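Please look through the sequence and the model before reading the points below.

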Amino acid sequence: MLGRAREELDRVIGHDRRLCESDLAKLPYLRAICKEVLRKHPAMPLIPRVATKDSQVDGYDIPRGTRLIVNTWAIGRDPQAWEDPLKFMPERFLGDGKGAVISYWGNDFELIPFGGGRRICAGMRLAAVVVEYILGTLVHAFDWKLPEVGAAEGAQMMNMEESFGLTLKKAVPLTAIARPRLSPSAYV
Ligand code: HEM
């Protein structure tokens, strides 16, 4: 996966400069990775709401004033919505399958990391660009490796468990070593 992302970045950008915002539209695999991250690890896992009128959802009566929590974390891992939901598979957003037309702008309810409706994230356009830009730059401009440690400690380093809160964080922070891989002039 890292190799495929790097191959795409090298093909579009080369080694003599760093990624620019205008490159992002030409990097579909990078975009698919970011979507997959936001599906499986949404930064805001629980979205609060209050019912403004009596309603019925999926056979449940919801009286006006009820406090509701939309669990985007669970939606992203729902086997009724996603094939093999626990697998990190950016390819699900590429090609001509169902996933290729799913976006996170609030209309496809299986992928709502920025929420939806009137209170949808006010910064989502900025956030979507920044996430792609930062991840793309880190992958394109550096080779990454884990510190050399014993197997048990090594397994902990790639630990993807999450600690729940208002925002979702990695339970075990990642430590990795970066080595530049572009022409020296690209870093100036
Ligand atoms: C990956 C980054 C981000 C994620 C995943 C994210 C996610 C969310 C979510 C899920 C909500 C609740 C939406 C709802 O209730 O339907 C929200 C609200 C909000 N976000 Fe973001 N957000 C991100 C970045 C940002 C940034 C960069 C800004 C500002 C520059 C921002 C500003 C806001 C504001 C102002 C609200 C409240 C909107 C309202 O209640 O009307 N967010 N965000």
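C121 is found in the loop between α3 (72-76) and α4; helices (H or I, at least four residues) and strands (E, at least two) are DSSP runs, numbered from the N terminus. The model is predicted, so local features need pLDDT of at least 70 and side-chain atom pairs count only at pLDDT 80 or more, while totals for chains, interfaces and linings use all residues. Residues are numbered from 1 along each chain as its sequence is written.

**Residue C121**
- C121 is buried because 20 other C-beta atoms lie within 10 Å; the cut-offs are 20 or more for buried, 12 or fewer for exposed, and partly exposed in between, with C-beta atoms placed from the backbone.
- Not counting residues up to four places away in sequence, C121 touches F114, G115 and A127, where contact requires C-beta atoms, placed from the backbone, within 7 Å.
- An unreviewed UniProt entry lists C121 under "binding site"; such annotations may be inferred rather than shown by experiment.

**Shell around the ligand**
- Among the 16 residues around the ligand, G115, C121, A122, G123 and A127 come nearest; a residue counts as near if its C-beta atom, placed from the backbone, lies within 6 Å.
- Helix α4 (residues 124-141) supplies three residues, the largest share of this shell.

**The whole chain**
- The protein chain has five helices and eight strands.
- Its C-alpha trace spans about 60 × 40 × 30 Å along the principal axes.
- Of the 188 residues in the protein chain, 19% are buried.

Key
Two residues are in contact if their C-beta atoms, placed from the backbone, lie within 7 Å.
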